[in-house]
Structures are given as structure tokens and as C-alpha cells.
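Biologist: I would like to go through this model with a few plain questions. Please show the sequence and the structure first.

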Amino acid sequence: MIKSINYTLVKKEGTMSQEVFHPNEILEKFAKNNSSRILRIKASNSLGKSFLLNLIAYASFGSSLKDEDLMLTLRNSIKEIADESDKTLEFELKIMDADGRELRFVKSKKKGSNPIVQLSNKDETKQLSVEEFTNNYKLIYDIPEKPLHRIYQIVRELKSKNQIIYRWLDQSSQKLNLIVNSLNNQKDLLKLQNWENEKLQKQKQIDHRKADYEILRKKYLTISTYNTLQLLKRNIDATKSRIKELKNCSDEFAKMQAPKEKNQDEKFQNIIQLEKQIKDLKIDEKFKFLKESLEGEYKSSFDTIDYQILSNIENLLSNYLITFKTYNQEEISKIVRVVGSFATMRLEQLIFKSVNKNKDKDEFIFVNDFKSILEEISKENFKSAVFQELFSFEIGTALEKINSYSESFNDFKKMDVDFRLFNSLLSDISKQLKEGEVLSKKLNSIRSKIKSDPIEFKRYNTLKEKIETITSDLSKLNQKARDYRNFLESSGVLKNEIESRVQIEQQIQNLQGAFQNISYSEEELNNQLEEKDKQLLDFNKEIDELSYRITHESEKKTSILSDEKSQVTFLNSKLLNFLKWIHDKDDLIKDDGLIKNENPSESDEKYIKLIGIYVASSMGNKIIYQKGYQDIQYIDYLPVTPVFITNSGMRISFSDFSGGQQSSNYLKAKLNSNDNRKYIVLFDEVANMDNESINNVVQRLKELEREKKLVLAVLVQPFPEPNKFEIETY
Amino acid sequence: MELNSYLIKLIDEFTKENEYSSLEADEFKAYISFFFNQQGILFDEAELLKIIKSKQND
């Protein structure tokens, strides 16, 4: 109830047209003398009835109401009150709440100052913040125009609630999702422990293998050192021997006179060249091959003369190089003559000895010619036919027979081929003998023109070449010795222990015992070492891999929910399903508060019924219909026009309601009985409601008053006559 | 109908539709209430663990 009200509104202050407004006297008196909490003000225009509502709404933090709870026109009205750009406002409003506490709403004259609210009881006075006030007091400020349609506003509120629920739960879902992800990727302590153990085992194995490797390496070192010492010893011996050789050669060389004759070098070079050409003819070797081949194939055909001739030629050629280098004309002519006579007189007879050569030869030629003719005839059908007519058998048969007969000449054919081959070989030898004779003659001619001793010259050059060879060998030996010493030093042998041969021999003696105890060769040990090296490398790779895994795993985090992974994952899945379900259901509510009721699924139908229950509950489960109350269970939104379902199962369509009843039902819905806060109710423009409908709303307000939940209710409507201000109480 | 009451109705419909046992439905209700009461602020993992443990003990 209003205990007191006082305000001063100054418009256009300080100007000629300044106006000052105060509360209507009737209202002031009413406040002093009346304790009713439900007021119905009927007033003419411009008497401040709407200003009063705007003032109370402004003082009660009405501008903090959500969009769906405050019409835009009313929000703008509150803004206008607060705007002091062309006016000043100060007020003090005292209202007693249902618990006997005083609410004091006050604003100072100071421009731009905000109103404050103080709550006083017997003991104390406390200033309420906006939040404290709105947590305890519910302001309803509305104009009931097109009220039934605005029942859809309640449905929109539901949509808004869906969105709040969705948003809040979605935050949790996102965090759950992060937790599930982190749990899937969290540090696995068991796995980590297993890897650590595996790494330790591998490390032990490596240590063990390293020890084996070291034993093997020592053996290898012993054997390779021993072998290298031996090589170095031999190297020293070889070097010593070569140095001695070099000294001898050098001494001898120093005594020699280098050839001085003009062009002598060139002539000697020619001699060397010619001698080489004679040697390269290899006549002796070729004859030897011929003789051995003949003996291999036709030994049984040899007679004494054949043996004698071939042996004679062989003997003559045994001194072939000397004969030709010294140009022994007699011997050369003899060889040429004997080879020639063997080729012409003996070879053919020797090879064809087993056959009647002439007879076989004639017959072989005839058979071959005849075979060719038959093959020629067989290629043409006409000729084949003539042949068949003449000889009374087919050409193919004739060819088969002649081929068969031809095979009986196979031995002859082989001898014929051999003869040609040996004859050709002998012919080559004869040619080369003549060529050798020419070279020999030329050699003799050059040699006769040289005054100095060619043998001495050759010796000079040979010695010179030998010195060069020894020097090169010594250089190689020296390099080898350096390599051996370097290796030995790297194997732990001291440099000064291998300087002399005696020292090296001593080192060999020292290692002899150890060397003899090793049953493997250096190469075998080297192979074993390489194998072990590879194994160690593989082990190290495995350890590296394990270390990488351990490091990677160690960097992962653990969660206090680690042990509840399955529960959290399951919960996350359920919550996601629930959110999807809410989202799907919310989609059934259109933005204008209408319900998508075409072909709903069973699940959707259930939710639509829930909407109906919610709206009915928001209306206190009662509606005014045909001058009386009807208890309603829910609103059925499935038909095209929504229907109230009463407790008795009666269906009342929205279209059955009058405007006044619609207003009444709407306002009742606003006066939601499910809210535990105390109500400050401001309804403007209730004129479109008949008395009965207003009474119904008042009844609801009285219920709230009885429940000690009503602070104040002001219902305002215009009075058609001027200067009238009436306050009706209930 | 307050937001909490409405949420409970939603949970009831959802759990019925998905054939949750009454035990499962109660458990789900407890978790959803916990998440909802955070009012959009990220929940404390330790608090969630407490609920999980308490539900395991039930």
C-alpha cells in the first residue's frame, strides 16, 4: 500500500513557460488515509495517471526488465521520465510491503541522479541494489491490448527459457568435451611405467652387449696389431732388400756410359719394335695348336712320314725367335719349304685317309645337287605334278629319301670341314712365315748399321727402368709403413716401441701368447664386430624411440577425473543428446510464439503438450469463461486454433473468448502464481475490459494479497469527462 | 513456472523418451542440475568429481 507520495516535476525550468507538477491531491489524501493495496484509478487525461505508473516503474528499476517482459512503448515512457535534459524530477514514494516493511523510493533533485530504494523494518534501514530489489520484488507493468494473442508472448518466454537452458548447459557441455578430449589424450602412467621398464631392460641389454663387444674388440685389436706388426716387419725387410737392390743397380748404372751415337736411340727403338713384331706373330704357338688338333682328331690316320714332317717343323720352330731375330736365312727357308710341302702333299691325304675321297666326293656333290633340284621342284605345284607323273611318286617322298641318303655322308662332311680349317691354318702360318722373313731381313739391315753394342744399350735401358721401378716400390713401401705405424699407434702401441725391426720383433713376441689364444681370424673378428655394431645401433634406435615416447607421454597432463573417464564420456554423450533434444524441441516454437504443429512426431506432440501445461500453469490453471472460472489442465496447441483443455475434459477454443475475457486471461497469466517474489503490478489502459473481467483480475490480485505476495497493484483507465480523478479500492 | 521447474519437466520428458530407468533418470537430473546451476560459468572439475563419487556410492 502507498504510505506517502510526493514528487516535483519541473519542466522548462527557469523559462517563461516553466511548469511544475505535483501529485494529485486526491491521490495524496488517499495515500494518507487508505491502506488498500489494490487501486483502480479512473482519471481524465493530463491528470498524471500514466505519469504515476511510469514513476513507480522507474523507481522500481523497470528499465532493467527484459524485452519480453516490458513493451517497447512502456520502456520508452520510463526512459522519458529518466531523461532530465529539459526537466528536473525529485520524488519520494513510500510503500509498505506485505511483511510490514517500508520501501522508500527516492530521487534527489540533482540532475542525472539515480533513484535509490531503501528497505526499512523496525531495526534497520538498508539500501537495495538493483539485483537485491529484483530478486525480491517482481514488477509487472503492462497494457492489456490484444491480450489473447499476447498469450503467445508467454510461449515466447518459454522459447527464451529454452535458450537460457541451452546456453548454460552448452557451456558445461563444451567443458565436458574438453575434459573428454584431454582424458583421451592424458598421461598414461601405466604405459609410461611400462616404457620406462622396457627402456631399462634395453639399456641393460646394451650394457651387456657393449661388454661383449669390448671383449671382441680387444681380441680384434690384438690380432690386428699382431698382423700389422708382422706386415710392418715384412715391410722393413722388403724395404731393406729393395734398398740393397737399388744400391747395386745404382752402382752398376753409375759405371755405364749412356749411348752417344746420333739417331742411335731411334734405331734401337726400331730394333725393339721389330723384335716385338716377330714375337707377336706367334708362329710357333699356332703350329703347336695345329699339330695337337690334328693329332687329337686324326691320330689313327698318321703314318711315319706325317710324324716325321710335323716333328721336323716343330723342332725348327722351337728356335723360332732366335732364327728370325738373327735372320738365319737357311733355317727360315727350310721352315717355309717344309710347311708348304706338308700343306700341299700330306694334309688332304691324312684327313681323308679313311674314305675313298674321290668317289665320296663325286657322290656327295651329286647327292647335294640332286637334293637342291628336288627342293626347287617342290616349291612349284606344276613341277611337282610333272615329277609325280614321270616317277610315279610324290616329290616329298623323293626329298625324304634323298635327305636320308645324304646323312650317310656326315663323316665325309666333317672331314671336308676339318680339311678346309687345317688348310686355312697352314696357309696362315705360311703367310706369317713370309711376313716374319721380311721383318727379320729388315731387323738385320738396321742392326748392321748400328756401331755401338745393342746389347749394352739394352742393358743400360733395362737398368734404368729397374732403378725407376725400385724407387717407386720403395715409395709405396714407405707409404705402407707409415699407414701401419699410424694404425699401430691408434691401437695403443707407442711410437717409440716400433721404431726398429728389433723393437717390432719384440712387440710381436709380446703379443704371441695372446694371438695364439684367439681362435678367429682378423676378418672373422671384424665381421663379428660389424654384426655386433649393427645390433647395438638397432638397440640404440629402439631406446631413442622409447625415450621419445616417454618424453611425449610425460608432457601430457593428468586430470583429477582420470579414473572416471568412462563416466565422464558417457555423461558427455548424454548431455549432448539432451542439448540436441532441447534444440529440436525449441525449433517447434516459432519466433512469434506460434507452434509448428504440422505432422508432429510422437515426441514433438509430448513437448507441445508440455508447452500447453506451461502456459496453463502460467495462468494459474484457471480461465474465465462464460462468467465463471474454469480449471484448465493445459492448452492443446495441436489444432489450428489452440484449445484450452479443462479438468473435466472440456475443450474451449481461443476463438470462443471475448476481448475482455482475453484481457483477463492474459493478465492472469502475467500474475504467475509460481513466482515467490512480491508483486508490484501496474496495468495501464484497462478500459477495454468489462467490469467482470477486471473483477477476475482483481480476484487474482486478492489471492496474491492473501498470500502476502502483493505490494501494490495500480490499474489505470481514462475517464471520459474532464478533470475527474477517482480511485477505487478492492 | 520457474526456469528450474521447467528444466525438470524437460529432463522428465527426455529421460522418459529415451527410456532411462528411474535410477538413471535421477542421476541424469542430478548432473543436469549441477551443470545448470553453474549458470553458464565453467564448472569446477573437483565438484563434478564429487557428484560422480556420490552417485557411485548411491
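Modeller: A polar contact is a pair of N or O atoms within 3.5 Å; within protein, one of the two must be able to donate a hydrogen and the other to accept it. Keep in mind that this is a predicted model.

Biologist: How many residue pairs are in polar contact between chain A and chain B?

Modeller: The pairs that count have both residues at pLDDT 80 or more. With that condition, the number of residue pairs in polar contact between chain A and chain B is 10.

Biologist: What share of the area buried between chain A and chain B do carbon and sulfur atoms give?

Modeller: The area buried between the two chains is about 3300 Å². Of this area, the share from carbon and sulfur atoms is 71%.

Biologist: Which residue of chain B forms a salt bridge with Glu564(A)?

Modeller: The rule finds 1 salt bridge across the interface of chain A and chain B. In the salt bridge of Glu564(A), the closest N and O atoms are 2.9 Å apart. The cut-off is 4 Å, so this distance qualifies. The partner of Glu564(A) is Lys53(B).

Biologist: In which helix of chain B is confidence lowest?

Modeller: Chain B has 3 helices and 0 strands, in the pattern α-α-α along the sequence. Its average pLDDT is 89, and 97% of its residues score at least 70. Confidence is highest in helix H2 (residues 22–37) of chain B, at a mean of 93. The lowest mean in chain B is 88, in helix H3 (residues 45–57).

Biologist: What percentage of the residues in chain B is buried?

Modeller: A residue counts as buried when its relative accessible area is under 20%. Chain B has 58 residues, and the buried share is 40%.

Biologist: Is Asp418(A) buried or exposed?

Modeller: Asp418(A) is found in helix H15 (residues 410–449) of chain A. Its relative accessibility is 11%, so Asp418(A) counts as buried.

Biologist: With which side chain does the side chain of Asp418(A) make a polar contact of 2.5 Å?

Modeller: A polar contact of 2.7 Å joins the side chain of Asp418(A) to that of Lys414(A). Leaving out residues up to four places away in sequence, Asp418(A) touches Glu297(A), Tyr298(A) and Ile351(A). The polar contact of 2.5 Å is with the side chain of Tyr298(A).

Biologist: Why does Ile377(A) count as buried?

Modeller: Ile377(A) lies in helix H12 (residues 357–378) of chain A. Beyond its neighbours within four places in sequence, Ile377(A) is in contact with Lys383(A), Ser384(A), Phe387(A) and Ile395(A). Ile377(A) counts as buried because its relative accessibility is 18%.

Conventions: Residues numbered from 1 in each chain as written. Chains lettered and ligands numbered in written order. Heavy atoms only, no water. Buried area = accessible area lost by both parts, 1.4 Å probe. Salt bridge = Lys/Arg side-chain N within 4 Å of Asp/Glu carboxyl O. pLDDT = per-residue confidence, 0-100. Helix = DSSP H or I, 4+ residues; strand = E, 2+ residues; numbered from the N terminus. Buried < 20%, exposed > 50% of the residue type's maximum accessible area, 1.4 Å probe, protein only. Contact = heavy atoms within 4.5 Å.
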